[in-house]
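Dear colleague,

I am passing on the structure we spoke about, with notes on what I found in it. Please look through it below before reading on.

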Amino acid sequence: MGSETAQTLPFIDLTNDNLKPGSSYWLSTAKDVRAAFEEYSCFLAVYDKASKELCNSFIHSLLELFDLPEETKIKNISEGQPFGYYRRQPETPLFESVGIADSTNVEVVESFTKTLWPNGNERFSELMLSYGKKISELDKMITRMLFESYGVERYSDSHINSTVYKVRVNKYKGPKSDETNLGVFAHTDLGFITIIQQSEVDGLEVRLKGGSWVAVSFPPSSYIILAGDGMMAWSNGRIQHCVHRVIIPRNKDRYSTGIFSFHTGVVHVPGEFIDENHPAKFKSFDHFGLVRFRSANPTVPEEDRIKIYCGV
Ligand SMILES: O=C(O)CCC(=O)C(=O)O
Ligand SMILES: [Fe+2]
């Protein structure tokens, strides 16, 4: 499968200490966030609250994690796919992924660590919890900006307070020259927002509105932020979910982490999104119901899933 050449995606600086809610810089950045989601369904963000050392150590800890024997990794069974262990499959022979059900919850993370390292690995738990916390703060900032830019900020606290953060850590084995270079098929994520970071090897591609694929290259300390199915329905379709896939360069292993925000209850589509010019396209929906819907209906095409699940 051929990759497209690099093309510019929106790039938003979220490092600034002046980024205080209510400041003019905050408001103009919030506008940029909304415009990026509406136009591209994604953007690159620089963010420095998770230090370089923390991110590097976390990504590095994944080498050790994926080196565990398969019979150990398989013990990480979560309360439902896709958050358990995903082993290499014939259709995606490079891709292997481990899910952590709630990355900011101490008990959940410690029990995950105990499953994989019965003799303990406190360092991994600490890294996961620190990383999860910093990235959840980034998610909250983006969520606040988005709600504010649409004038629906009065819903942001209740949305954020009902959010949990699922994590998937991924390893893609570098393909040999005679092997497929497909890491992951084109898909959309089920959550509200996805935040992805990677080791130094690129491979993620996002599809733009016109249908062209863009290879994402990550500047230092950057993340890509993707709109998920949840955001698409919440915004009544003003924002489209980001279609993305992964293509791995020859002979280079790639590691990545994805943090997915999920509402633990019902996501309400704000009434502000619906008027004469914007008829209702989505009903309020149970967000984890969407996860169950996918498990029960694995053949529904990725891009149709959210419309079938809660479209009007
Ligand atoms: O590895 C990546 O860059 C993306 C992974 C992905 O799409 C996912 O975990 O849903
Ligand atoms: Fe994804």
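**Helix 8 and its surroundings**

In helix 8, which spans residues 287-296, the buried residues are H287, L290 and V291, where a residue is called buried if 20 or more other C-beta atoms lie within 10 Å of its own, exposed if 12 or fewer, and partly exposed in between, with C-beta atoms placed from the backbone. Viewed down the axis of helix 8, these buried residues fall within an arc of 100°, so they line one face of the helix; the arc is that of the directions from the helix axis to the C-beta atoms. An α-helix has 3.6 residues a turn, so residues three or four places apart point the same way. On the face of helix 8 turned away from its buried side sit the exposed residues G289, R292, S295 and A296. F293, also found in helix 8, is partly exposed, with 18 other C-beta atoms within 10 Å, and its C-alpha atom is separated by 12 Å from that of K307, 14 residues apart along the chain.

The buried residues of helix 8 pack against helix 7 (229-234), strand 12, strand 13 (266-267), strand 14 (285-286) and helix 9 (305-310), contact being counted if the C-beta atoms of two residues, placed from the backbone, lie within 7 Å. Helices (H or I, at least four residues) and strands (E, at least two) are DSSP runs, numbered from the N terminus.

Some conventions: this is a predicted model, in which local features need pLDDT of at least 70 and side-chain atom pairs count only at pLDDT 80 or more, while totals for chains, interfaces and linings use all residues. Residues are numbered from 1 along each chain as its sequence is written, and chains are lettered from A and ligands numbered from 1 in the order in which they are written.

**The ligand shell**

Around ligand 1 lie R168, N170, V184, D189, I196, Q198, L204, H244, V246, S256 and G258, a residue being near a molecule if its C-beta atom, placed from the backbone, lies within 6 Å of it. At least two residues of this shell come from each of strand 5 (163-172), strand 7 (193-198), strand 11 (244-247) and strand 12 (254-263). Sorted by class, the shell has four nonpolar, five polar and two charged residues, with Ala, Val, Leu, Ile, Met, Phe, Trp, Tyr, Cys and Pro counted as nonpolar, Asp, Glu, Lys and Arg as charged, and the others, Gly among them, as polar.

**Helix 4 and two backbone details**

In helix 4 (residues 106-116), V109, F112 and T113 are buried, and seen down the axis they fall within an arc of 95°, so they line one face of helix 4. Their cover includes strand 4 (95-100) and helix 5 (122-149).

S41, in the loop between helix 1 (24-40) and strand 2 (42-46), has a positive phi near 65° although it is a residue other than glycine, and it counts as buried, with 25 C-beta neighbours inside 10 Å. N236, in the loop between helix 7 and strand 11, is not a glycine either and has a positive phi of about 55°; N236 is buried, with 20 other C-beta atoms within 10 Å.

**The whole chain**

The protein has nine helices and 14 strands, and buried residues make up 40% of its 312 residues.
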